[in-house]
Amino acid sequence: MNSPKLVRLKKVKRKEEKQKWDDRHWSEKALDEMTERDWRIFREDYNITIKGGRIPDPIRSWKESGFPKEILEIVDKVGYKDLTPIQRQAIPIGLQNRDIIGVAETGSGKTLAFLIPLLSWITSLPKIERLEEADQGPYSIILAPTRELAQQIEEETNKFGQPLGIRTVVVVGGLSREEQGFRLRMGCEIVIATPGRLIDVLENRYLVLNQCTYIVLDEADRMIDMGFEPEVQKILDYMPVSNLKPDNEDAENEEKLLANYNTKKKYRQTVMFTATMPAAVERLARTYLRRPAVVYIGSIGKPTERTEQIIHIMGEADKRRKLMEILGRGVEPPIIIFVNQKKGADVLARGLEKLGYNACTLHGGKGQEQREYALASLKGGSKDILVATDVAGRGIDIKDVSMVINYDMAKTIEDYTHRIGRTGRAGKAGVAISFCTKDDSHLFYDLKQTILSSPISTCPPELMNHPDAQHKPGTVVTKKRREEKIFA
C-alpha cells in the first residue's frame, strides 16, 4: 500500500510531466504559459516568418499588448477588433527602436504597424510648440509613392494623432507648396510626403530634418518602380548622420536600444515596408538600415490565394465585346478595370457611362480633387466601376472589390500581381480576369507559373500550351530543342 507521502510525490510528478508535455494549443494558454514551441506555432498560424537575430515575441491581442491606455482607447473607438499578422510582429520590434523590413501585401495593416511605435515614442517627447523648435523640423517622416497613399496614411494617422495632440502635415504634389510651407513653419511632429515634393520643400528651405529620427518608407518597391530611388537616397542624406545606429550588434541589442529610445538623441529608426524585394530595395536597405529585423507575412510577391485568376487570350478588337459580356452577366460592385494609358481610361469610362454603367476614372493626368472625388465615389457607392491605370495598382485600399479586370494586360508580372491584389482581401474571395493579346506573350511563362501556383485558379489550354509559355524569355534553348524547332 502506498503511503500518503508517496501518493503526493506521484501527483507532483504527474503534474510536472503534464507541464513538461503540455500539448494544449497556444490559444488555450495564458501569456505566461507560452513556450518557444507555442510562439513558433503562433507565427505559423499567422503566416509570420522572421529573421535578424533576437526578435521579440509577437502580440496575441490588444488586451495583452501593454500599450498605453490612451492608445488602447483609440483602438477601441476606431473599432479595430484584432491585430493583423504584420501588426502582431512589427509593433513589438518597432517599440524596441529596431530597424524593420516588413514584407507584406498592401492592405495588410502596415500603417498601424509603424504608427503605434512612432506615436508611443512621440508622446514621450516634449510637444513642438516654440518657433525655434518648429524650425528644427518634425520628429518623423513617412514616405509614400503616391498622393493617394500619402493621404490614406494621413487619414489613419489623424485618427490616432489628433486625440493625442500630435500634428501631421502632408507634403504632396497637386496642392499649394506655399500653403504646405506655411503649415510646416507652424510646426508638426509628423510629415507624410511623396519623394518629389519633399525634395522640393527641402531644397527651398521650407523644411529641415534636424531632429527627425524616425523614417518610414511605405511601398518601397513601388517607389523604386516609379523611379524615386535617387530622391529617396537624397532625403535620407538630408537627415543628420549624428544619430545613426552603430553598425554592430548594438543595433539589435534590446537593452541598449531601449535605454536610448525615449530621448531626443534617439538613434534613427528606419522602417521599410514593401510587397516584393527587388535588388534596388535590398540595396537601399543595406545602405540605410542597421541590422534590421525582417518580417515576412504569407507568400511574398505572390497574388493572394483567395483570388481566382481567369485568362482570356484574344485579339485587341475582341476586348470590348468580351468586357460587355462579363459585365452583362452582372457583377457585385465595386470593380476595377485596369488599362495602360490615361486616354484609354477616359475613353473606356465614357463608353461604359453611355451604356448605363456608373463609371469613374483614376490616372496620373487627373488633378488632385478629381482623383479624390473618384476614390470617394467608388468607396461611397455612387460609382460601381473604377477605370484606372497603375496609379491604382498599389497602395490604394478600396474595401470589398469583388473583381479586377485587366482590360490591358500589365507590363510586368509584378504589376499584374499588385493589380489583382486589389481584390480577394481581408479574408474575402475575389476574381481577376485578364485580357491578353499576342503583344503580352513575353509574360506568358511567368503568368502560367503564377496561375499554376494558385490553389483556386485553372490555367487555360491556350496559355498552358502556348510556345511562349514553355520557357522563360531570355533563357537559352538547348541544341536539341533548337533542332526540334528546325525540323518540326
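## Close-up views of the predicted model

**View 1. A lysine placed over a tyrosine ring.** In this predicted model, the charged end of K319 lies over the ring of Y407, at 5.6 Å from the ring centre. An arginine is placed in the corresponding way in the next view, where the charged end of R88 sits over the ring of Y46, 4.2 Å from its centre.

View 2. Nine aromatic pairs are found when the whole structure is searched. Among them is the pair of W26 and Y46, whose ring centres are 6.2 Å apart and whose planes stand at 45°, so the pair is classed as tilted. W26 belongs to the loop between α1 (4-20) and α2 (36-45), whereas Y46 belongs to the loop between α2 and β1 (48-51), so the pair ties together parts that are 20 residues apart in sequence. W26 counts as buried at 11% relative accessibility, while Y46, at 25%, counts as partly exposed. The rings of F42 and Y46 have their centres 4.9 Å apart and their planes at 45°, so this pair too is tilted, and F42 is buried, with a relative accessible area of 0%. Together with W39, the residues W26, F42 and Y46 form one aromatic cluster.

**View 3. The two faces of helix α12.** Helix α12 spans residues 254-261, and its buried residues are L257, N260 and Y261. When the helix is seen down its axis, these buried residues fall within an arc of 110°, so they line one face of α12. E255 and A259, on the other side of α12, are exposed. The packing partners of the buried residues of α12 are α4 (85-94), α5 (110-123) and β7 (269-274).

**View 4. Strand β6 and the strands that pair with it.** Strand β6 comprises residues 214-217; Y214 and V216 point one way from the strand, I215 and L217 point the other way, and all are buried. In a regular strand the side chains alternate between the two faces of the sheet. Strand β3 (residues 140-143) pairs with β6 in the parallel sense over four bridges, and within this pairing I142 has V216 as its bridge partner in β6. Four bridges also join β6 to β7, again with the strands running parallel, and here the bridge partner of L217 in β7 is M272.

**View 5. Two buried residues with positive phi.** N97, in the loop between α4 and β2 (100-103), has a positive phi of about 70° although it is not a glycine. At 0% relative accessibility, N97 counts as buried. E219, which lies in the loop between β6 and α10 (220-225), likewise has a positive phi, near 55°, and is a residue other than glycine. The relative accessible area of E219 is 1%, and the residue is buried.

**View 6. The surroundings of T194.** T194 is found in the loop between β5 (190-193) and α9 (195-203). With a relative accessible area of 7%, T194 falls under the 20% limit that marks a residue as buried. When neighbours within four places in sequence are left aside, T194 is in contact with L143, A144, P145, T146, R147, V171, V172 and G173.

View 7. Six strands form an open sheet in the order β9-β14-β13-β10-β12-β11, with parallel pairing. The edge strands, each of which pairs on one side only, are β9 (307-313) and β11 (359-362). On average, and with direction ignored, neighbouring strands of this sheet are turned by 20° against each other. Strand β10 (residues 335-338) is joined to strand β12 (residues 385-388) by four bridges, the two running parallel, and the bridge partner of F338 in β12 is A388. Helix α16 (residues 368-380) packs on the sheet, where it touches β11 and β12, and its direction makes about 135° with that of β11. Helix α18 (residues 444-452) also packs on the sheet, touching β9 and β14 (430-436), and its direction makes about 145° with that of β9.

View 8. The peptide bond leading from P333 to P334 is cis, with omega near 0°. P334 lies in the loop between α14 (319-328) and β10.

Definitions and conventions. Residues numbered from 1 in each chain as written. Predicted model: local features only at pLDDT ≥ 70, side-chain atom pairs only at ≥ 80, totals over all residues. Heavy atoms only, no water. Buried < 20%, exposed > 50% of the residue type's maximum accessible area, 1.4 Å probe, protein only. Arc of directions from axis to C-beta. Contact = heavy atoms within 4.5 Å. Pairing = 2+ DSSP bridges. Axes fitted to C-alpha atoms, helices over the stretch in contact; angles between N-to-C directions. Phe/Tyr/Trp six-rings, centres within 6.5 Å; stacked < 30°, edge-to-face > 60°. Lys NZ or Arg CZ within 6 Å of the ring centre and 35° of its normal.
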